[in-house]
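Have the model open beside you and try each task before reading its solution.

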Amino acid sequence: FGLPYDDITALAAEDRNTWLDRQFSLPVGDHVSVVDDLVARRDAGEFAAFEQDIELLVTFRRLAWWHKTVTSEDVLRQRIAFALSEIFVVSDNVDALIIDPYALSSFYDMLLANAFGNFRDLLLDVTLHPAMGIYLSHVNNRKADPLNNTFPDENYAREVMQLFSIGLFELNIDGTRKLDGQGRPIPTYSNTEIREFAKIFTGLSYGGPGQYFGKPVPYFRSPMVMFDAFHESGAKQLLNGAVIPAGQTGLEDINAAIDNLFSHPNAGPFIGKQLIQRLVTSNPSTAYVRRVARAFNGDATGVRGDMQAVIRAVLLDPEAVAPPDTSSYFGKLREPVVRYAALLRQFGANSADGFIANTGYVLQALSRQHPLSSPSVFNFFLPAHQPAGELAAAGLVAPEFEITNSNTVIGMANLVDIALLAGFVTDAG
């Protein structure tokens, strides 16, 4: 998200690994604490004069995001969490997630907490977070009742494979697709596996006070909890021939499924390449992807899924730190949210009380992007998006160009002018 000039010069004078070590050790700049403060101030009547035309609660998680992103010292953790939010997508386009300020702020804090941990823990926590349970409809998902012709919801079962862990097709470690004898890509799963995984994600409902299966009121301050009476208890077929035996508890089934996905050979190249695209370059070489996938696999550390090792591999790869080569297609278009947040950080955005009171609505209107506001589970843009013209002809991708057109380019230019020329005026004041 950018550094002030003094911090850039300090970084240039020290070893990059030292800077990363320091970032890895900083405490989490959480967002829920900011929401807590805003809610307390609202309840005390401090914002009463501003609530005549809008319910301020829906803005609190946005205010928290901009304040922490622009001011928090753990800038790397904040940036990694944003990258993860574009892989593990939830969105305020769902009513239940926009009206409660803790829904998405707690989800983002979960990403922050796991950003430097282990990918397996991250995937489990994503699975059990109530915001994801709402967004991909596996909260209050019950076991099959053939007599009434009802069966488990398959939404999360599909997306946890397609988008969150292994992707649609089997991959080599360098991110290229494996091919069968006829030269066709090999699917990683079929409808059968989707149905089997759907059975696994049954029996979950909201935690918190007064919990029971089918509880309609979300509770976002703790993970979903398992109610085994509503969980599909039979045997289940997982990927690559693995089988979950009948009679396990629901959480044992979920942990077995997470292990199955986490240990899949696709996980390293699939997640590693997306992190490279989000952080460094849209078209990494196969060698670059291979090196990051090996870091994910724990080839050097012995720990599979170590996010610190993966991040280090992404950011310190020889291709990432090499001098710019104008003859190559290395690099990426900086997406609007990152561009604007970096502008505010690099030029020292401030206010009288130190709070960065930005809601991001103008940015979203002008750029078609705001954190945790994606139009679908597929994020604002697809990793394989190819703009028509020279890039497509060269077989290259440029994901961020999917939300880039003449209107958004002019809109962002105008917003930057306002920020610089009018003293960092934001759309909240």
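**Exercise 1.** Work out how exposed Glu 154 is, and find its salt-bridge partner.

*Solution.* Start with the accessibility: Glu 154 has a relative accessible area of 29%, so it is partly exposed; buried would mean under 20%, exposed over 50%, and partly exposed is the range in between (1.4 Å probe, protein chains only). Next, look for the partner: Arg 158 pairs with Glu 154 in a salt bridge, the closest N and O atoms being 3.8 Å apart. The term salt bridge asks for a side-chain nitrogen of Lys or Arg within 4 Å of a carboxyl oxygen of Asp or Glu. Finally, check Arg 158, which is partly exposed at 28%. Elsewhere, salt bridges that share partners tie Glu 86, Arg 278, Lys 332, Glu 335 and Glu 400 into one network.

A word on the source: this is a predicted model, in which local features need pLDDT of at least 70 and side-chain atom pairs count only at pLDDT 80 or more, while totals for chains, interfaces and linings use all residues. Residues are numbered from 1 along each chain as its sequence is written, and side-chain values use heavy atoms, with hydrogens and water left out.

**Exercise 2.** How many salt bridges does the structure hold, and which parts of the chain does the pair Asp 21 and Arg 312 link?

*Solution.* The count is 21 salt bridges. One of them joins the side chains of Asp 21 and Arg 312, at 2.9 Å from N to O. This pair links distant parts of the chain, 291 residues apart: Asp 21 sits in helix α2 (residues 16-25) and Arg 312 in helix α15 (residues 307-316). Helices here are DSSP runs of H or I, at least four residues long, numbered from the N terminus. Asp 21 is partly exposed at 41%, and Arg 312 is partly exposed at 23%.

**Exercise 3.** Describe the pair Asp 37 and Arg 41 within its helix.

*Solution.* First, the closest N and O atoms of this salt bridge are 3.6 Å apart. Then place the pair: because Asp 37 and Arg 41 are four residues apart in helix α3 (residues 32-43), about one helical turn separates them.

**Exercise 4.** Is His 264 buried or exposed, and what surrounds it?

*Solution.* Locate His 264 in the loop between α12 (250-262) and α13 (267-279). Its relative accessibility is 4%, so His 264 counts as buried. Beyond its neighbours within four places in sequence, His 264 is in contact (heavy atoms within 4.5 Å) with Ile 166, Thr 188, Leu 239, Asn 240 and Arg 304.

Definitions and conventions
Helix = DSSP H or I, 4+ residues; strand = E, 2+ residues; numbered from the N terminus.
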